[in-house]
Amino acid sequence: MIAPSPNQMNRNGLSLPLALLLLLAAVLACSSGSTQKCTATLSYEGRTFVGEDASTEKATRNACNKYCREADPGYEAMYGVWLDSPAGKAAGRPSKEEAIFKDKKLMDYVTETCANECLSKIKDGKAKAETSCN
């Protein structure tokens with residue numbers, strides 16, 4: 001076996017700690033990310049719904065998603081039909097909040113159809129959303 005030269009040992013000896021240091025720096029940079037937390041408060045039909053996320057847009061969308069799950073008549077009707085269907089029974093009859101994770105159509109209705117309608121109501125002034133970030 002040929003012994004490594006001192007230059008190779010230093011280079012190889014430093015490469016592992018250097019690689020670990022760079023990996024640690026990358027992990028810390030990614031995990032620290034944005035510590036900003038935004039909260040959106042949606043007021044619609046006399047009720048209030050709160051959503052949170054790192055941006056005002058996503059927080060507002062999350063507040064709309066919450067409205068859709070808790071108070072939208074269209075979702076209520078879809079959920080009731082699904083709940084009594086074989087798929088709903090097989091899923092264990094989950095709550096309205098959990099059902100969207102069991103059925104793609106329910107998820108799509110809440111996060112796309114209903115949420116987009118909610119956002120339109122905010123733009124039209126029919127619903128009010130206030131956001132704040134810290």
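Buried here means under 20% relative accessible area, with exposed over 50% and partly exposed in between (1.4 Å probe, protein chains only). The model is predicted: local features need pLDDT of at least 70, side-chain atom pairs count only at pLDDT 80 or more, and totals for chains, interfaces and linings use all residues. Residues are numbered from 1 along each chain as its sequence is written, and side-chain values use heavy atoms, without hydrogens and water.

Helices (H or I, at least four residues) and strands (E, at least two) are DSSP runs, numbered from the N terminus.

| Element | Residues |
|---|---|
| Strand 1 | 38-44 |
| Strand 2 | 47-53 |
| Strand 3 | 128-133 |

The three strands make an open antiparallel sheet, ordered 2-1-3. Strands 2 and 3 are the edges; each has a single partner strand, so one side of each lacks a neighbour in the sheet. Pairing requires at least two DSSP bridges between two strands. Strands 1 and 2 pair over seven bridges. Ser43 stands opposite Thr48 of strand 2.

Helix 2 (residues 56-71) packs on the sheet and touches strand 1, strand 2 and strand 3. Contact means heavy atoms within 4.5 Å.

Helix 6 spans residues 104-124. At its start, a side-chain oxygen of Asp103 comes to within 3.1 Å of the backbone nitrogen of Lys105. Its buried residues are Leu106, Tyr109, Val110, Cys114, Ala115 and Cys118. They pack against strand 1, helix 2, helix 3 (73-84) and helix 5 (96-99). Gly125 follows helix 6, with a positive phi near 85°.

Definitions and conventions: Axes are lines fitted to C-alpha atoms, for helices over the stretch in contact, and angles run from 0 to 180 degrees between N-to-C directions. The expected span of a helix is 1.5 Å times one less than its number of residues. A polar contact is a pair of N or O atoms within 3.5 Å; within protein, one must be able to donate a hydrogen and the other to accept it, and residues adjacent in sequence count only if both atoms are side-chain atoms.
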